[in-house]
Amino acid sequence: MCAWPDAMADPGLYRPPPAVRGMTVLDREAFTQMIHVPALRVPTTVLNKVVKSLKKIALQRPGIKRVVDDGQPVGGSGQHRLLLLDPHCVASAESFGHEETAALTAFGVSPELHRYELQLTYENLKSEEVLRAVLPEGQDVTSGFSRVGHIAHMNLRDHQLPYKSLIGQVIMDKNPGVTCVVNKTNTIDSTYRNFQMEVLAGESNMVAKVRENGVLYEFDFSRVYWNPRLSTEHERVVSLLRCGDIVLDVFAGVGPFAIPAARRGCVVLANDLNPEAHRWLQHNARLNKVDAAITTFNLDGREFLRGPARERLPGLMRGPGAVHVVMNLPALALDFLDTFRGLLGPEPDQGLSCEATMPQVHCYGFSKEDDPQQDMVQRAEASLGVSLQGRCSVHMVRNVAPNKEMMCVNFRMPREVLYTISSSKEDGGSNQQARDITAACTNIHRLSTKNMHAHKQIAPSRGMQRKKISCTLYMPESAAVIKLLHTCLHHTILL
């Protein structure tokens, strides 16, 4: 920003009149005011060159032309125009920088400034300026939103709610293509991943059309989950896939992983518990002409893994393509990993279970810990019952809120998790007991290292009953540690 001497500064230059403070019903005319800005008188013969040379200090306001008539009486020569300048950059002829001064000299333009009276209206103001003028002084002004097709989705704070209708109208006015503004009124439901919302301004049509990474999606935004901030993550995971790979999308939503994967030549099994998400998933598969490559299911995640996935996995793992499992339900996905324990039963005698054929897992979660990467790995280990040290990587997806990160842990499913040892073998199932001990010890380590979240609870997996070891996480820390130690000692005696 160019220097503007404090003595000449006009802090109200780009601000609406004080009378609009506290307005709850938008009155656009109330924002009109007359201001004065500096201007240069430029010969028309060099006008384009001067405008280009001085673009950094030229006036830039929505809906305002920076080149205007020079105000000469009718019948004048018409050989000059006025170039309006930003008064925050130029206060006098001495305000021009070295480059601007050299340009004016080269083009024969006098540095003398002219005073130009300009009418500033609501249309010339930015949304932040309007809201800053209306909301009580000292309070945060939120003009940010997520764009989902024609819908602007906002998360208003309590102090902004009295102005919600005005805020919605301003957002719609200042963002071409936005015809509906909504505000989230509750947290995301972990079951169906949608939330209640109210329309602040515009139409009530919630069926959005979105193009992400070259793929077209349609869905009812009020009844399914969609986050435009995940487009980069969708692209990252899909870029790991190769033609002929198999994708098991456990929490598929409307298809942001499944549809691009199918377009890439993958065979996709896509599941979602939400009936509306499942319906739009099928619709989007047809819309993008990949319905032949996608088999859809409307099941709970555990039912999907224990049913269709379990039935197909042995055959899929024998094929030439790699198997990928995508688990994008950050609030709960890590808890679903225990479904893989012994999922395929006794280990086959042939080479089906070699490490190279094991599914590659991409599992998402939220973390509020100081070390979110370590937290993700430890929670995954607790669910799987094995150590992932040296066998996984963790990717930071995005910052969701202060001290809350969305993470993705990537690993090849350990063979000892996916298969169980036949009871006829010599060890009599001791490997499974060892995995139980590992899981218990991992939980002990997690609980004993926490110092600020001792009473944190983990949400149950959609009503599915947890195993005994996992249940201890609902207890206060000290009791949980004792319980888990008892479990370890019990298994040790059995072994």
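H234 counts as buried because its relative accessibility is 5%; buried means under 20% relative accessible area, exposed over 50%, partly exposed in between (1.4 Å probe, protein chains only). This is a predicted model, in which local features need pLDDT of at least 70, side-chain atom pairs count only at pLDDT 80 or more, and totals for chains, interfaces and linings use all residues. Residues are numbered from 1 along each chain as its sequence is written, and side-chain values use heavy atoms, with hydrogens and water left out.

**Annotated positions**
- An unreviewed UniProt entry places the feature "binding site" at H234, D272, L273, D300, G301 and N328. UniProt positions follow the numbering used here, feature names are shortened, and annotations may be inferred rather than shown by experiment.
- H234 sits in helix α5 (residues 231-239). Helices (H or I, at least four residues) and strands (E, at least two) are DSSP runs, numbered from the N terminus.
- H234 touches E212, N213, P256 and F257, not counting residues up to four places away in sequence. Contact means heavy atoms within 4.5 Å.
- D272 lies in the loop between β12 (267-271) and α7 (275-287).
- D272 counts as buried because its relative accessibility is 7%.
- A polar atom of the D272 side chain lies 2.8 Å from the backbone nitrogen of G253.

**Strand β7 and its partners**
- Four of the five residues in strand β7 (residues 180-184) are buried.
- Strand β6 (residues 151-154) runs parallel to β7, joined by four bridges. Two strands pair if DSSP finds at least two bridges between them.
- The chain goes from β6 through helix α4 (residues 164-174) to β7, a right-handed β-α-β crossover. Right-handed means that, with the strands pointing away from the viewer, the path from the first strand over the helix to the second runs clockwise.
- I151 stands opposite C180 in β7.
- Strand β8 (residues 197-202) runs antiparallel to β7, with five bridges between them.
- N183 has E198 in β8 as its bridge partner.

**Nonpolar cores**
- The largest nonpolar core has 41 residues, of which L248, M327, L337, F340 and L418 touch the most other members. Such a core is a set of buried Ala, Val, Leu, Ile, Met, Phe, Trp, Tyr and Cys residues joined through side-chain atoms within 4.5 Å.
- Helix α8 gives this core its largest share, six residues.
- L248 touches several residues, among them L269, F304, L313 and V325.
- A second, separate core of 40 residues includes V148, F195, W226 and A261.

Notes. A polar contact is a pair of N or O atoms within 3.5 Å; within protein, one must be able to donate a hydrogen and the other to accept it, and residues adjacent in sequence count only if both atoms are side-chain atoms.
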